[in-house]
Amino acid sequence: MIPYDLHIHSLMSDGLHSLLEIVSIAKKKKAKGFCITEHGPALGYFANDSHGMWFSNDSVRFPAEIDGIIFWRGMEANLIPQKGDIDVLPKDYKRLDILAIGSHCYRDSRPEDWGKEEETIAMIEAIKKHPIDIVAHPYLEKVALDMAKVLDLCVDKGIAIELNNRYISLDKVNQHELEVLMIYAKENPKLRLVEGSDGHTFTEMFEDGGTQKIMKKYGIKNDRILNRDKEQLMEFVRERKELRQKEE
Ligand SMILES: [Zn+2]
Ligand SMILES: [Zn+2]
C-alpha cells in the first residue's frame, strides 16, 4: 500500500470515483493521503466544463485535509510535442500542489515519423521550460523516453521519477528503459523517486504490488521513495510549489 499516493484520477477526468469516495477508499486501505492528478486537456476525453472548473475553482474549495486524509491538488499534464510544450498554462499550474507530466499516446498527438529521440527532446525542452515536479511513467511501451538522456537533468532540477504501479503491473513498459532507470536509481541516491498507483478505480488506488516487486529486483528500498515519508513529502511539495510560484 502506498501511504501517500501521488497519482490518482477522479471522476473529473477518467477515474471512476468522486473525491469523497477516494477519501473513504484511502481510509479503508489505511492510506494517509493522496494527490488528485487529473489529465491535462490535450488527452481529449474531457471536453466539458467540469474539468476546467475542477482546476479553476472546485478543487480549491476542498480543504487540505479531509477526515484525517491529506489531499493535494495536482495535474498529469501532457507533452504537446508539436508545440514543444505542455498542455497547462503557468497561470493554472501555479495553483497546483503537484505538477506531473507524462508522455501519452493520444489522437493526432505525434507526427508520423516521431520516435523515441523526438519524444526525449520534447521532454527535455518541457523540463527546462516548466517547473515540473514529477515525470510520470517515462518508460511506457509505446512512448518511452531515452532514459539515459533525461535522468541527469532530473537530478539537477530536483524532479522526481515515478514508479507507476499500473503500467508496471500490466507489463505495458519498455523493459530496456525501465531497467536503465532502475540501475541509475540504484547508483544515484540523489535521483528522487516516487510511487504512484495511477488508480482510476478502488481496486487500483494505493496499490503497489508491481512497483514493490521491481524495487526488490533492483535492490531499491522503501526509504528511497519520497512519498513514503510524510515529512520528506511535505518538504518536497513546499519546495516545488515555491519554485513554481516564482515563475513568470
Ligand atoms: Zn499517464
Ligand atoms: Zn494517470
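**Helix 1**

I looked up what covers the buried residues of helix 1 and found that the cover includes strand 1 (4-8), strand 2 (33-39), strand 3 (65-66) and strand 4 (69-80). I worked on a predicted model, in which local features need pLDDT of at least 70 and side-chain atom pairs count only at pLDDT 80 or more, while totals for chains, interfaces and linings use all residues. Residues are numbered from 1 along each chain as its sequence is written, and chains are lettered from A and ligands numbered from 1 in the order in which they are written.

I took helices (H or I, at least four residues) and strands (E, at least two) as DSSP runs, numbered from the N terminus. I called a residue buried if 20 or more other C-beta atoms lie within 10 Å of its own, exposed if 12 or fewer, and partly exposed in between, with C-beta atoms placed from the backbone. Cover and contact rest on C-beta atoms, placed from the backbone, that lie within 7 Å.

In helix 1 (residues 19-28), I listed Ile22, Val23, Ile25 and Ala26 as buried. Seen down the axis of helix 1, these residues fall within an arc of 165°, so they line one face of the helix. The arc is that of the directions from the helix axis to the C-beta atoms. On the face turned away from the buried side of helix 1, I noted the exposed residues Leu20 and Lys28. Lys30 follows helix 1 and has a positive phi, near 60°.

**Helix 5**

I then turned to helix 5 (147-157), where Met147, Leu151 and Cys154 are buried. The buried residues of helix 5 fall within an arc of 65° when seen down its axis, so they line one face of the helix. Asp152 and Asp156 are exposed on the other side of helix 5. The cover of the buried residues in helix 5 includes strand 7 (134-136), strand 8 and helix 7. Just after helix 5, I recorded a positive phi of about 70° at Gly158.

**Helix 4 against helix 5**

Two packed helices are described by the angle between their axes and the distance between the axes. I found that the axes of helix 4 (residues 116-129) and helix 5 come within 10 Å and cross at roughly 10°. That makes helix 4 roughly parallel to helix 5. The axes are lines fitted to C-alpha atoms, for helices over the stretch in contact, and angles run from 0 to 180 degrees between N-to-C directions. Angles under 35 degrees count as roughly parallel, over 145 as roughly antiparallel, 65 to 115 as roughly perpendicular and the rest as oblique.

From helix 4, Thr120, Met123, Ile124 and Ile127 meet Lys149, Val150, Leu153 and Lys157 of helix 5. By class, I recorded five nonpolar, one polar and two charged residues in this contact of helix 4 with helix 5. Nonpolar here covers Ala, Val, Leu, Ile, Met, Phe, Trp, Tyr, Cys and Pro, charged covers Asp, Glu, Lys and Arg, and the others, Gly among them, count as polar.

I also looked up Lys116, which is found in helix 4. Lys116 is partly exposed, with 14 other C-beta atoms within 10 Å. Leaving aside its neighbours within four places in sequence, I found Lys116 in contact with Ala144, Leu145 and Asp146.

**Helix 7**

I checked the length of helix 7 (residues 175-187): at 1.5 Å a residue, its 13 residues should span 18 Å, and its end C-alpha atoms are 18 Å apart, which agrees. The expected span is 1.5 Å times one less than the number of residues in the helix.

In helix 7, Leu178, Leu181, Met182 and Ala185 are buried. They cover an arc of only 95° around the axis, which puts them on the same side of helix 7. I found His176, Ile183 and Glu187 exposed on the other side of helix 7. The cover of its buried residues includes helix 5, strand 8 (160-164), strand 9 (192-196) and helix 8 (209-217).

**Positive phi in two loops**

I noted Asp67 in the loop between strand 3 and strand 4. Asp67 has a positive phi of about 55° although it is not a glycine, and with 11 C-beta neighbours inside 10 Å it counts as exposed.

I noted Phe206 in the loop between strand 9 and helix 8. Phe206 is not a glycine, yet its phi is positive at about 70°. Phe206 is buried, with 24 other C-beta atoms within 10 Å.

Conventions:
Contact = placed C-beta atoms within 7 Å.
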